[in-house]
Amino acid sequence: MVIDGHVHAGKGDGLTGPWNTDAPLGAYLRRARAAGIGRAVVFPALHTDYGRANLELARVVSRSRGRLIGFAFVHAGRDRGRIHEMVGTAVRQWGFRGIKVHRLDAPATREVCEAARSFGVPVLYDVLGEPFRIELLAQQYPDVDFIVPHLGSFADDFRAHYQVIDQLCRFPNVYTDTAGVRRFDYLVSAVRRAGPRKVIFGSDGPWLHPGLELHKIRLLQLPRRHEALVTGGNMLRLLSKAGRPSLRAVAAA
Ligand SMILES: [Zn+2]
């Protein structure tokens, strides 16, 4: 089963770029099916009200008959004080399986990490070219899994790619996704140095074509079982912890 680990769904309210305006799934779902992608992790576009955006996403997920897996988007600053509750609603009521944070909103905080720990879900944290943001989080929360999308930079910043590859090697709980990474040899290097268990296929659909993004993974020409980890196995392993809070969370409760 191929799982796309990075897809947006629903409308944003910013109207300053595709990322905060609209992420319609129609063409994405057709393209993904044609490419052999069976399931997708979805989260909202950037929004000024993630409570509302997550609720709208929950409706889309519930209509998908299991094809879509929701991640709750939170704003680490604006949603301060209610992140545990927002994630709790998403996980318990809607069956969401992860958290999305974006540095463009605000850098991730302890509150975000502790919600992830409590609910046993991964954090997909777009560091927007600043991988150092991951250093302290990964050390302070060794029982929380962090996925750094775009190998650290959607803007092809090779310095960020190098830093994230290094972090994949050093931190057992840090992963990357392949969404929109254009400089192919950084993907080769990530798999070679950190191993196939640390790299997750993602497309950044519907804005990028899932078939094209998946083809990049095929072009890595990995042994079959390694490719299967990248295209779904790794994400499934991370998602399987949801609802099973870590021992630290139990101890802290
Ligand atoms: Zn994205």
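Student: What percentage of the 253 residues in the chain is buried?
Tutor: The model is a predicted one. A residue counts as buried when 20 or more other C-beta atoms lie within 10 Å of its own. Of the 253 residues in the chain, the buried share is 49%.

Student: Why is the chain described as being as compact as a globular protein of that length?
Tutor: The chain holds ten helices and ten strands. The globule rule gives 18 Å for 253 residues, and the chain is as compact as a globular protein of that length because its radius of gyration is close to that value, at 16 Å.

Student: Which strands are the edge strands of the open sheet?
Tutor: The open sheet has eight strands with parallel pairing, in the order β1-β4-β5-β6-β7-β8-β9-β10. An edge strand pairs on one side only, and this holds for β1 and β10.

Student: Which helix packs on the sheet by touching β5 and β6?
Tutor: The helix in question has a direction that makes about 165° with that of β5. It spans residues 83-94, and its name is α3.

Student: How many of the seven residues of strand β4 are buried?
Tutor: Strand β4 has partners in β1, with which it pairs in the parallel sense over five bridges, and in β5, to which three bridges join it, also parallel. Strand β4 covers residues 37-43 and is mostly covered; the number of buried residues is six.

Student: Which residue of β4 is the bridge partner of Val2?
Tutor: Strand β1 comprises residues 2-8 and pairs with β4. On the β5 side, Val41 stands opposite Ile69, and Val42 stands opposite Gly70. For Val2, the bridge partner in β4 is Ile37.

Student: Is Thr231 buried or exposed?
Tutor: Thr231 has its place in helix α9, residues 224-239. Helix α9 lies across β1, β4, β5, β9 and β10, running at about 75° to β1. The residue has 26 other C-beta atoms within 10 Å, so Thr231 is buried.

Student: Which residues is Thr231 in contact with, leaving aside its neighbours within four places in sequence?
Tutor: Contact here requires C-beta atoms within 7 Å. Thr231 and Val188 are 43 residues apart in sequence and, C-alpha to C-alpha, 15 Å apart in space. Once the sequence neighbours are set aside, the contacts of Thr231 are Val2, Phe201 and Ile217.

Student: Which residues have the most contacts inside the largest nonpolar core?
Tutor: This core has 76 residues. The residues with the most contacts inside the core are Val42, Val74, Ile99, Val112, Val123 and Phe146.

Student: Through which helix does the chain cross from β6 to β7?
Tutor: Strands β6 and β7 pair in the parallel sense over four bridges, and Lys100 stands opposite Leu124 in β7. The β-α-β crossover from β6 to β7 is right-handed, and the helix it passes through is α4.

Student: Which residues of α4 are buried?
Tutor: Helix α4 spans residues 110-119 and is mostly covered, with seven of its ten residues buried. Just after α4, Gly120 takes a positive phi of about 65°. The buried residues of α4 are Val112, Cys113, Ala115, Ala116, Arg117, Ser118 and Phe119.

Student: Which helix makes a right-handed β-α-β unit with β7 and β8?
Tutor: Strand β7 pairs with β8, residues 146-148, in the parallel sense over two bridges. Within this pairing, Leu124 stands opposite Ile147. The helix of the unit covers residues 132-140 and is α5.

How values were computed:
Residues are numbered from 1 along each chain as its sequence is written. This is a predicted model: local features need pLDDT of at least 70, side-chain atom pairs count only at pLDDT 80 or more; totals for chains, interfaces and linings use all residues. The radius of gyration is taken over C-alpha atoms; the globule rule is 2.2 Å times the number of residues to the power 0.38. A residue is buried if 20 or more other C-beta atoms lie within 10 Å of its own, exposed if 12 or fewer, and partly exposed in between; C-beta atoms are placed from the backbone. Two strands pair if DSSP finds at least two bridges between them. Two residues are in contact if their C-beta atoms, placed from the backbone, lie within 7 Å. Axes are lines fitted to C-alpha atoms, for helices over the stretch in contact, and angles run from 0 to 180 degrees between N-to-C directions. A nonpolar core is a set of buried Ala, Val, Leu, Ile, Met, Phe, Trp, Tyr and Cys residues joined through C-beta atoms within 7 Å. A crossover is right-handed if, with the strands pointing away from the viewer, the path from the first strand over the helix to the second runs clockwise.
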